[in-house]
Amino acid sequence: MLTKKQIELLEFIHKRMARDGVPPSFDEMKIALDLRSKSGIHRLVTALEERGFIRRLPHRARALEIVRLPDSLAKTVSGFSPQVIDGDRTMPPAPVRGAMDVVASAVELPVMGRIAAGVPIEAISEVSHHIAVPGSMLTGRESHYALEVRGDSMINAGINDGDVVVIREQDVAQNGDIVVALVEGHEATLKYYRRKGAMIALEAANPAYETRILPEDKVRVQGRLVGLIRSY
C-alpha cells in the first residue's frame with residue numbers, strides 16, 4: 001500500500017513523461033509535492049523503488065524506470081506500459097500470471113522476531129515463525145529474513161507498526177538505504193542509513209524522532225529493506 005505522497009509522486013512523474021518526454025528534476029518534484037527539501041523526494045523515490053513501482057538505472061543521472069502503477073492510478077491511465085524516465089528504453093508489459101503461478105513462486109522466510117521503528121529494542125535472533133513472501137520480492141543470491149515492525153518512526157516511509165519487513169542479509173549499505181542496524185552489539189533498529197565520515201547517522205522517517213549519530217564501530221548493518229508485507 002502506498003502513501004498519498006508516494007502516489008502523488010508516481011503520478012507526477014508519469015504525467016510529465018507523457019506530456020514532455022523528459023524527466024522532471026528533483027526540484028520540480030519537490031515543488032509539485034509541496035515539500036521543503038529534496039531529501040523528502042529521495043525518500044519517496046527510495047520507497048517506490050523498494051515497493052517495485054520504479055527502478056533506478058545505474059550510472060545514468062536521473063534515469064528512472066516506471067515498472068508498474070498501483071491499481072488506483074492505473075485505472076485512470078490508458079495504455080500504460082513500463083517506461084524509462086529519460087525515454088530511451090521501454091519495457092514490454094509483464095505477462096499475466098495466474099493464481100497458481102503466484103503460489104508456486106512464494107518463498108517461506110523465517111520471521112526473526114521484532115524490530116524497532118522507534119527507540120531501539122533488544123535484538124531478537126530466534127525464529128518465531130515463518131511467513132510466505134512472493135519470490136519476486138527477494139533480490140540477489142543473499143539470504144533473506146523477515147521482521148515484525150514495532151513503532152512509528154518510519155511511518156513517512158510507508159512502514160507502519162505491525163508491518164512485516166523483508167530484509168536482505170548484508171553488512172554494507174549505501175546512503176539512503178533503509179537498514180536493520182545493530183547498535184552497540186545488542187539493540188536493533190530499522191532506520192535510514194547515512195555515513196558522515198567516521199560517523200553513522202540512523203535517521204527516522206518521522207519528525208518526532210531525532211537522528212542518532214554514532215561512531216562507525218558502534219553500528220553494524222545486518223541487512224537492507226527489500227520488501228514489506230501488511231495485513232488488514
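Visitor: With which residue does Arg194 form a salt bridge?
Guide: This is a predicted model, in which local features need pLDDT of at least 70, side-chain atom pairs count only at pLDDT 80 or more, and totals for chains, interfaces and linings use all residues. Residues are numbered from 1 along each chain as its sequence is written, and side-chain values use heavy atoms, with hydrogens and water left out. A salt bridge is a side-chain nitrogen of Lys or Arg within 4 Å of a carboxyl oxygen of Asp or Glu. For Arg194 the closest N and O atoms are 2.9 Å apart, and the partner is Glu203.

Visitor: Is Glu203 buried or exposed?
Guide: Buried means under 20% relative accessible area, exposed over 50%, and partly exposed in between, with a 1.4 Å probe and protein chains only. The relative accessible area of Glu203 is 12%, so Glu203 is buried.

Visitor: Which residue is linked with Arg194 and Glu203 in a network of salt bridges?
Guide: Arg194 and Glu203 have a salt bridge between them. The network that holds this pair also includes Arg43.

Visitor: How far apart in sequence are the parts that Glu216 and Arg195 tie together?
Guide: The side chains of Glu216 and Arg195 meet in a salt bridge of 2.6 Å, N to O. Glu216 lies in the loop between strand S12 (212-215) and strand S13 (219-229), whereas Arg195 lies in strand S10 (residues 187-196), so the parts that the pair ties together are apart in sequence by 21 residues. Strands here are DSSP runs of E with at least two residues, helices are runs of H or I with at least four, and both are numbered from the N terminus.

Visitor: In which helix do Lys5 and Glu8 both lie?
Guide: The side chains of Lys5 and Glu8 meet in a salt bridge of 3.7 Å, N to O. Lys5 counts as partly exposed at 32% relative accessibility, and Glu8 counts as partly exposed at 28%. The two residues are 3 apart, about one turn of the helix, and that helix is H1 (residues 4-20).

Visitor: How many salt bridges does the structure hold?
Guide: Among them are the pair Lys5 and Glu8 and the pair Glu216 and Arg195. The number that the structure holds is 8.

Visitor: What is the volume of the second largest pocket?
Guide: Rolling a probe the size of a water molecule over the atoms shows where empty space is left. On a 1 Å grid over the protein atoms alone, a cavity is a set of points where a 1.4 Å probe fits but cannot get out, and a pocket is an open set with protein on both sides within 12 Å along at least five of seven lines, lining residues having an atom within 4 Å of a point. Grid points are joined across faces, edges and corners, and a volume is the space filled by probe spheres set on the points. For the second largest pocket this volume is about 460 Å³.

Visitor: Which helix gives the largest share of the lining of the second largest pocket?
Guide: Of the 16 residues that line the second largest pocket, the closest to its centre are Leu35, Gly40, Arg43, Asn156 and Pro207. The largest share of the lining is 4 residues, and these come from helix H3 (residues 38-50).

Visitor: Which side chain does the side chain of Arg168 join in a polar contact of 2.8 Å?
Guide: Arg168 is found in strand S8 (residues 164-168), and Arg168 is buried, with a relative accessible area of 15%. A polar contact is a pair of N or O atoms within 3.5 Å; within protein, one must be able to donate a hydrogen and the other to accept it, and residues adjacent in sequence count only if both atoms are side-chain atoms. The partner of Arg168 in this contact is Gln170.

Visitor: Where is Gln170 found?
Guide: Gln170 is buried, with a relative accessible area of 15%, and a polar atom of its side chain lies 2.7 Å from the backbone oxygen of Val172. Its place is the loop between S8 and strand S9 (178-183).
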